[in-house]
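Let's walk through this model together, one region at a time. Keep the structure open beside the text and turn it as you read.

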Amino acid sequence: MLEDLGCQTSTLYLDVSGEVYYLGSKAGTSFLANNQDISIKFREFFGNKNEQFSITDVQDLFNKKYSEACGKPCKVPYLKGGFEVHGLPEGITFKKPYNYGRRQIKQIMLAANNVYFSIKSSSDEPVCQENGQENGSEEIPADGDIHSLLSKIGGVEAAERAVHGGKIEEDEVEVVDLCISASERLTLYVSCLHFFTPDAWLSVGVNMKHSDEATSLVLPIYTTADEQFWLFHTISKPMRIMKTVNTTKIRGRWLDLRGDGSYCLINHDEVLGKNIIRTAHGPLYFECSANLDSEEPFHLPVAVRSVILATLRQSGLSTL
């Protein structure tokens, strides 16, 4: 409401665990995201005695220090490199924040004032390739696939009207326990939002049925790193993921992005429900049929990446 009147707001708050959150208008939250030192100073001033820190704190610290070295707001280019990190506690080397354990995270944050970056070269950076895919390489579903999916959700007549410029209404989304395949779910989130009224779109999410059998899921995780998103693997069932709230803890392992664009499983950890990238229907998850415990590299399907980036764009969190 205030934003409609031309007002911009930024709000910081600190929970009992010592984690800082921020809310506000789109411009206000963007300002806080580009000035991580504000949240760090806020924590330092109001932080509780337990001094509990998270991966997000280290991520924000690294972005802040890298920005200082560059002279402008930047995100750490973990894969591209071109910098050196100094002042980390003895025995701790620089790596992506999710590679650190809780003790290392605390050590880094307590030594935050000593950490700084230096840029190796002033040469132009290479063209950014996010998560192993070139910009603009997203997979677009065929029109026939879209029409078929819309027909399954709202009927043939509603689907025909939608693809010719109309909208599917809430009362036309009558299917209860809507069963759609994994590929149809990808099509839904990449290409179908604009075919529904807002209420109809929410109704699709309410009616959608989630598998009780899938036990290998990949979760996209919000990040302020230059990779747009991180990936987390869990054996939790889809229904548990869909029921998560901000404080729900999901156990699993991080998928580490390598220089060739593939992923490999690394250390065990847990993420909170609030960290999972969400649509209006709830947390995003993707069923994974690959054996991630093998030594074979895992390549994120283009269609899955398309869904993640489309979701981030709809939230104003992606420029790709």
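Ile 221 has Trp 230 as its bridge partner in β6. Residues are numbered from 1 along each chain as its sequence is written, and side-chain values use heavy atoms, with hydrogens and water left out. This is a predicted model, in which local features need pLDDT of at least 70 and side-chain atom pairs count only at pLDDT 80 or more, while totals for chains, interfaces and linings use all residues. Helices (H or I, at least four residues) and strands (E, at least two) are DSSP runs, numbered from the N terminus.

Stay with this strand for a moment. Strand β5 (residues 217–222) pairs with β6 in the antiparallel sense over six bridges; two strands count as paired if DSSP finds at least two bridges between them. Another facing pair here is Tyr 222, which stands opposite Phe 229 in β6. Together β5 and β6 make a hairpin with six residues between them, and Gln 228 in the turn has a positive phi of about 75°. On to the next neighbour: β6 is joined to strand β7 (residues 249–257) by three bridges, again antiparallel. There, His 233 stands opposite Arg 253 in β7.

Now step back to the sheet. Five strands form an open sheet with antiparallel pairing, in the order β8-β7-β6-β5-β11. At its edges are β8 (263–272) and β11, each of which pairs on one side only. Strands of a sheet pair through backbone hydrogen bonds, either parallel or antiparallel.

How many of the six residues of β6 are buried? Six of the six are, so β6 is largely enclosed by the rest of the structure. Here, buried means under 20% relative accessible area, exposed means over 50%, and partly exposed is in between, using a 1.4 Å probe and protein chains only. In a regular strand the side chains alternate between the two faces of the sheet. In β6, Phe 229, Leu 231 and His 233 point one way, Trp 230, Phe 232 and Thr 234 point the other way, and all are buried.

Trp 230 also leads us to the aromatic residues. The whole structure contains 16 aromatic pairs. For these, rings of Phe, Tyr and Trp (its six-membered ring) pair if their centres lie within 6.5 Å; planes under 30 degrees apart count as stacked, over 60 as edge-to-face and the rest as tilted. Tyr 98 and Trp 230 have ring centres 4.6 Å apart and planes at 90°, so this pair is edge-to-face. Tyr 98 lies in the loop between β3 (83–86) and α4 (102–110) and Trp 230 in strand β6 (residues 229–234), so the pair ties together parts that are 132 residues apart in sequence. Both Tyr 98 and Trp 230 are buried.

Tyr 189 and Trp 201 form an edge-to-face pair too, at 6.0 Å centre to centre with 85° between the planes. Tyr 189 belongs to helix α7 (residues 182–191) and Trp 201 to helix α8 (residues 198–207), so the pair ties together parts that are twelve residues apart in sequence. Tyr 189 counts as buried at 6% relative accessibility, and Trp 201 is buried with a relative accessible area of 7%. Elsewhere, one aromatic cluster is formed by Phe 62, Tyr 66, Tyr 78, Phe 83, Phe 94, Tyr 100 and Phe 117.

Next, look at helix α6 (residues 156–163), whose buried residues are Ala 158, Ala 159 and Ala 162. Why are these on the same side of α6? They cover an arc of only 100° around the axis, and that puts them on the same side; the arc is that of the directions from the helix axis to the C-beta atoms. The face turned away from the buried side of α6 carries the exposed residues Val 156 and Glu 157. Just after α6, Gly 165 takes a positive phi of about 105°.

The structure holds zero disulfides, a disulfide being a pair of cysteine sulfur atoms within 2.5 Å. Cys 70 is in no disulfide, and the nearest cysteine sulfur, that of Cys 74, is 4.1 Å away. Cys 70 is partly exposed, with a relative accessible area of 28%, and Cys 179 is partly exposed at 48%.
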